Amino acid sequence: MPSLPILFVYYFQVHISTVGHDEMRVTWITEDDAPAVVEYGTTSGQYPFSATGTTTSYSYLALYHSGNIHDAVVGPLKPSTTYYYRCSSDPSREFSFRTPPASLPFTFVIVGDLGQTGWTKSTLQHIAATDYDMLLLPGDLSYADFLQPRWDSYGRLVEPLASARPWMVTEGNHEIERIPLLEPRAFKAYNARWRMPYDAGDSPSGSNLYYSFDVAGGMVHVIMLGSYTGFEAGTAQHEWLRGDLARIDRGKTPFVVALVHAPWYNSNEAHQGEGDDMRDAMEALLRAARVDAVFAGHVHAYERFTRVYGGMEDQCGPVYVTIGDGGNREGLADEYIDPQPKTSVFREASFGHGRLQVVNATHDDDQPVVADQVWIASLASNPDCNNPAGTGAQA
């Protein structure tokens with residue numbers, strides 16, 4: 001019998017992200033031409049389903065040319081189910097992912113300013129050591145900083161985790177990579193490599209730099225905001241956020257969290273005031289919608305604030321957490337303003353990550369590192385916050 005040809009395509013930098021309530025986007029890169037096809041199923045080695053996607057690439061400074069960046073959306077998928085998959089019909093590598101649950105409890109890992117250092121590897125090892133459903137990253141992924149091969153090494157570094165659980169990201173300042181005249185388009189590599197579901201669901205944003213999605217059967221709404229695109233009143237992001245928040249039914253969605261790169265509250269000496277303009281433009285919108293918590297990066301340390309609005313403690317404002325200590329190459333920000341503000345509850349300059357466990361319709365457990373843990377009650381369950389606009393917030 002004649003031998004059958006076997007397709008072998010070396011592919012790498014595999015990562016996944018959620019799309020809607022029952023689909024997943026698989027992204028991978030090949031050096032050579034290959035089909036943008038993902039084959040998948042619930043049994044290892046058997047792939048009765050397939051999805052065909054698209055292929056793109058980009059060049060940077062005419063010196064770097066990316067591989068072929070493929071992505072395909074697979075589904076519909078069952079919740080809490082392990083799927084095995086391979087990309088570009090290559091039999092040499094099999095991956096698997098577990099879909100998130102369709103109800104509570106739900107566990108997020110949150111880590112910002114990750115980079116690719118020895119500390120990054122330690123952080124990833126700690127993340128992998130315990131179970132979780134989804135990773136949220138509030139900006140500063142690879143720290144490529146114009147050197148595009150660093151995007152490739154970062155993709156290979158995070159592949160073991162990012163191919164197994166959905167990674168949902170937003171941009172930081174290190175993703176901008178704009179060079180006037182030479183590379184005038186910002187976020188070129190980021191947008192090409194990390195496509196998020198900005199065009200999916202009931203609230204499409206039209207921009208990969210900000211978007212939202214639901215998890216746990218709509219029990220949790222996650223808003224990913226963009227610190228480095230227009231956010232002032234009248235901008236596309238501001239108008240989208242206003243509409244996105246207005247669509248939330250807090251009777252059906254008891255928890256709402258937001259992520260942003262530059263923190264709106266910060267008692268660290270580093271990056272003082274860099275998130276203030278965005279806070280001034282959007283803080284009232286979040287309070288009026290009773291957003292429960294806001295997570296940020298940028299400052300390479302950990303800090304948790306109490307519920308805050310307008311710079312003061314407010315029982316109807318979000319809890320603010322800075323968690324930009326994933327392991328970046330710039331080191332820790334270990335100098336804090338003294339005395340510690342009353343609204344700042346806990347702060348520590350050490351590398352690590354956070355775990356946000358939404359356990360029921362009224363509480364979530366925020367455990368970023370073993371050094372700090374707090375229960376966060378849903379503002380939807382607080383009758384005093386049912387009409388926040390009547391207590392000072394204006395949208």
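Predicted model: local features only at pLDDT ≥ 70, side-chain atom pairs only at ≥ 80, totals over all residues.
Okay, let's start inside. The largest nonpolar core has 81 residues, and the ones with the most contacts inside it are Phe108, Trp167 and Trp194. Strand β16, residues 255–260, gives the largest share of this core, six residues. As a general point, nonpolar side chains in soluble globular proteins tend to be buried together.

Now for the cysteines. How many disulfides does a search of the whole structure find? The search finds one. Cysteine 316 and cysteine 385 form it, with their sulfur atoms 2.0 Å apart. This pair links distant parts of the chain: cysteine 316 sits in the loop between β19 (312–313) and β20 (319–323), while cysteine 385 is in the segment after β24 (372–377), 69 residues apart. The torsion about their S-S bond is about -90 degrees, so the disulfide is left-handed. Both cysteine 316 and cysteine 385 are buried. Cysteine 87 is buried as well, with a relative accessible area of 0%.

Let's go to the surface for a moment. Leu61, Leu63, Leu181 and Leu182 make a nonpolar surface patch of about 500 Å². Take leucine 182: you'll find it in the loop between β13 (167–170) and α3 (188–193). Is leucine 182 buried or exposed? At 59% relative accessibility, leucine 182 counts as exposed.

Next, some backbone details. The peptide bond from leucine 104 to proline 105 is cis, with omega near 5 degrees, and proline 105 is in the loop between β10 (95–98) and β11 (106–110). The bond from aspartate 338 to proline 339 is cis too, with omega near 5 degrees. Proline 339 belongs to the loop between β20 and β21 (344–348).

Then there's positive phi. Aspartate 113 is not a glycine, yet it has a positive phi of about 50 degrees. You'll see aspartate 113 in the loop between β11 and α1 (118–128), and at 0% relative accessibility it counts as buried. Alanine 216, also not a glycine, has a positive phi of about 55 degrees. Alanine 216 is in the loop between β14 (211–215) and β15 (220–224), and it counts as buried at 2% relative accessibility.

Last topic, charges. The whole structure has 14 salt bridges. In one of them, aspartate 292 pairs with arginine 250, the closest N and O atoms being 2.9 Å apart. Aspartate 292 lies in the loop between α5 (276–288) and β17 (293–296) and arginine 250 in the loop between α4 (236–246) and β16, so the pair ties together parts that are 42 residues apart in sequence. Aspartate 292 counts as buried at 0% relative accessibility, and arginine 250 counts as buried at 10%. Which residues do salt bridges that share partners join into one network? They are Arg98, Asp131, Asp133 and Arg165. Within that group, arginine 165 and aspartate 131 have their closest N and O atoms 3.2 Å apart. Arginine 165 counts as buried at 15% relative accessibility, whereas aspartate 131, at 47%, counts as partly exposed.

How values were computed:
Residues numbered from 1 in each chain as written. Heavy atoms only, no water. Core = buried A, V, L, I, M, F, W, Y, C linked by side-chain atoms within 4.5 Å. Buried < 20%, exposed > 50% of the residue type's maximum accessible area, 1.4 Å probe, protein only. Helix = DSSP H or I, 4+ residues; strand = E, 2+ residues; numbered from the N terminus. Disulfide = S-S within 2.5 Å. Patch = residues over 30% accessible without salt bridge, like charges linked within 9 Å, V, L, I, M, F, W, Y side chains within 5 Å. Areas by Shrake-Rupley, 256 points an atom, 1.4 Å probe, with all protein chains shown as cover. Salt bridge = Lys/Arg side-chain N within 4 Å of Asp/Glu carboxyl O.
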